[in-house]
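Please keep the sequence and the model in view while reading.

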Amino acid sequence: MRTRFIAILAAVTLVVAGVSACSSTSASDDKGFAAGDGSWSKVAADKREPAPVLTGKDLDGKEISTADAKGKVTVINVWGSWCAPCRHEAPALVKAADRTKDVAAFYGINTRDLNREPAQAFSRAFQVTYPSFYDPDGAMLLKFTELPPKAIPSTLVIDRKGRSAARFLGEVSTATLVQAIDDVAKESQ
């Protein structure tokens with residue numbers, strides 16, 4: 001009971017402190033988040049820690065799991081339908097997913113949307129071809145201890161062995177993401 005309380009308190013503290021981020025043009029629609037700075041980090045293969053396996057419901061209420069991507073590079077994008085940079089970034093992610101479909105599996109984590117309809121509309125509008133976890137309270141984000149997704153959007157790259165390999169805070173371009181995926185995929189061929 002005490003552990004659960006501490007976990008909930010930590011989640012609330014992260015949200016209130018603005019550790020999660022999204023840049024927005026208006027203070028009234030930014031959900032209280034600060035801007036991601038576009039930085040990225042890569043962990044050397046011999047220093048990587050296991051990434052969490054995510055299991056949960058998608059935007060339509062169906063069960064999905066990153067365990068289904070075993071043996072592939074896994075890409076996880078954290079986004080919200082309310083986030084302007086997420087809308088700007090979505091076409092680049094769709095292109096990257098298409099260009100790397102033989103070596104990578106993409107998943108989204110939709111966060112802070114209080115109901116599924118805006119998230120579903122976002123996925124339709126941008127023709128997102130990969131599934132997204134519906135995570136309105138951000139609980140899935142707390143599972144990442146190495147390279148945590150501190151911004152919205154954030155994109156995580158997990159190697160074929162299930163270890164955290166790279167993180168992008170803020171928007172990522174198609175070319176940059178494809179290059180990161182290809183580099184990580186080649187490491188463990």
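What covers the buried residues of helix H3 includes strand E4 (73-79), helix H2 (84-99) and strand E5 (104-111); contact here means heavy atoms within 4.5 Å. This is a predicted model, in which local features need pLDDT of at least 70 and side-chain atom pairs count only at pLDDT 80 or more, while totals for chains, interfaces and linings use all residues. Residues are numbered from 1 along each chain as its sequence is written, and side-chain values use heavy atoms, with hydrogens and water left out. Helices (H or I, at least four residues) and strands (E, at least two) are DSSP runs, numbered from the N terminus.

Helix H3 spans residues 116-125, and its residues Ala119, Phe122 and Ser123 are buried. Because these residues cover an arc of only 95° around the axis, they lie on the same side of H3; the arc is that of the directions from the helix axis to the C-beta atoms. An α-helix has 3.6 residues a turn, so residues three or four places apart point the same way. The face of H3 turned away from the buried side carries the exposed residues Glu117, Arg124 and Ala125. Buried means under 20% relative accessible area, exposed over 50%, and partly exposed in between (1.4 Å probe, protein chains only).

The N-terminal end of H3 is capped by Asn115, with a side-chain oxygen 3.3 Å from the backbone nitrogen of Glu117. Arg112 is not a glycine, yet has a positive phi of about 70°; at 15% relative accessibility, Arg112 counts as buried. Gln127, in the loop between H3 and E6, also is not glycine and has a positive phi, near 50°. Gln127 is exposed, with a relative accessible area of 61%.

Strand E5 is largely enclosed by the rest of the structure, because 8 of its 8 residues are buried. Ala104, Phe106, Gly108 and Asn110 lie on one side of E5, and Ala105, Tyr107, Ile109 and Thr111 on the other. E5 pairs with E4 in the parallel sense over 7 bridges, and with E6, also in the parallel sense, over 4 bridges; two strands pair if DSSP finds at least two bridges between them. Thr74 has Ala105 in E5 as its bridge partner, and Ile109 has Phe133 in E6.

E4, H2 and E5 make a right-handed β-α-β unit, as do E5, H3 and E6. A crossover is right-handed if, with the strands pointing away from the viewer, the path from the first strand over the helix to the second runs clockwise.

Conventions:
A polar contact is a pair of N or O atoms within 3.5 Å; within protein, one must be able to donate a hydrogen and the other to accept it, and residues adjacent in sequence count only if both atoms are side-chain atoms.
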